[in-house]
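Dear colleague,

I am passing on the structure we spoke about, and it is shown just below. My notes on what was found in it follow, and I would be glad if you read them with the structure open.

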Amino acid sequence: MRRRTNLSSTILCLDKGVHYTGGLGFIGSHTVIELIKHNHEVIITDNLINSKIKVLDKLHQIAGIKPTFYQIDVTDEAKLEPIFSNHQIDGVIHFAGLKAVGGLYRNPLSIITTISSLQ
């Protein structure tokens, strides 16, 4: 891995693909655009709990490339295996997560229900 400074940001120069979890969320989608601009192959996984599939089309419009996308939950190891088998991945950027954890304080079991419904 090499580092290159571009404007005020430090960009990781990865030699292969980047697996990006949560890549269709707000922060994730903006980061994906920057990675594509710097010629990285981006493989996105997102379960769409906190994002929308239409963001994938917006990424295509903005960046000119439609990233590879898998609608899976990153806690499902069996579904992650083919991603690592079918793509050369040099790094993982993990932004998958629940954006509003306040509701978990009121209903802590809701996360178990949400994850169970994905399996």
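The accessible surface of the protein chain comes to about 7900 Å², and carbon and sulfur atoms account for 55% of that area. Please keep in mind throughout that this is a predicted model, and that the values below are computed from it. The chain has 119 residues, of which 31% count as buried.

As to the overall layout, the chain holds five helices and six strands, and from the N terminus on these elements run β-β-β-α-β-α-β-α-β-α-α. Among the contacts with a separation of 6 or more, 60% are between residues 24 or more positions apart.

Which of its residues are buried? In helix 1 these are Gly28, Ser29, Val32, Ile33, Leu35 and Ile36. Seen down the axis of helix 1, the buried residues fall within an arc of 165 degrees, so they line one face of the helix. The cover over these buried residues includes strand 3 (17-21), strand 4 (42-45), helix 2 and strand 6 (89-94), whereas Phe26, Ile27 and Lys37 are exposed on the other side of helix 1. Just after this helix, Asn39 takes a positive phi of about 65 degrees.

Ser29 has a relative accessible area of 10%, and because buried means under 20%, Ser29 counts as buried. Apart from neighbours within four places in sequence, Ser29 is in contact with Gly23, Leu24, Val55 and Leu59. Ile27, by contrast, has a relative accessibility of 53% and counts as exposed, because the cut-off for that class is over 50%. Together with Phe26 and Phe95, Ile27 makes a nonpolar surface patch of about 370 Å².

Val55, one of the contacts of Ser29, is found in helix 2 (residues 54-63). If neighbours within four places in sequence are again left aside, Val55 is in contact with Leu24 and Ser29. Val55 and Gly25 are 30 residues apart in sequence, and their C-alpha atoms are 8.0 Å apart in space.

Finally, there is the matter of charged pairs. Side chains of opposite charge can pair when their charged atoms come close. How many salt bridges does a search of the whole structure find? The search finds two. In one of them Glu34 pairs with Lys37, the closest N and O atoms being 3.4 Å apart. Glu34 and Lys37 are three residues apart in helix 1, and so are separated by about one helical turn. An α-helix has 3.6 residues a turn, so residues three or four places apart point the same way. Within this pair Glu34 is partly exposed, with a relative accessible area of 36%, while Lys37 counts as exposed at 56% relative accessibility.

The side chains of Lys66 and Asp57 meet in a salt bridge as well, with an N to O distance of 3.3 Å. Here Lys66 counts as partly exposed at 44% relative accessibility, and Asp57 likewise counts as partly exposed, at 40%.

With kind regards

Notes. Residues are numbered from 1 along each chain as its sequence is written. This is a predicted model: local features need pLDDT of at least 70, side-chain atom pairs count only at pLDDT 80 or more; totals for chains, interfaces and linings use all residues. Side-chain values use heavy atoms; hydrogens and water are left out. Patches are made of residues with over 30% relative accessible area and no salt bridge: like charges are joined within 9 Å, nonpolar side chains (Val, Leu, Ile, Met, Phe, Trp, Tyr) within 5 Å. Accessible areas come from the Shrake-Rupley method with a 1.4 Å probe; for residues, only the protein chains shown count as cover. A salt bridge is a side-chain nitrogen of Lys or Arg within 4 Å of a carboxyl oxygen of Asp or Glu. Buried means under 20% relative accessible area, exposed over 50%, partly exposed in between (1.4 Å probe, protein chains only). Helices (H or I, at least four residues) and strands (E, at least two) are DSSP runs, numbered from the N terminus. Contact means heavy atoms within 4.5 Å. The arc is that of the directions from the helix axis to the C-beta atoms.
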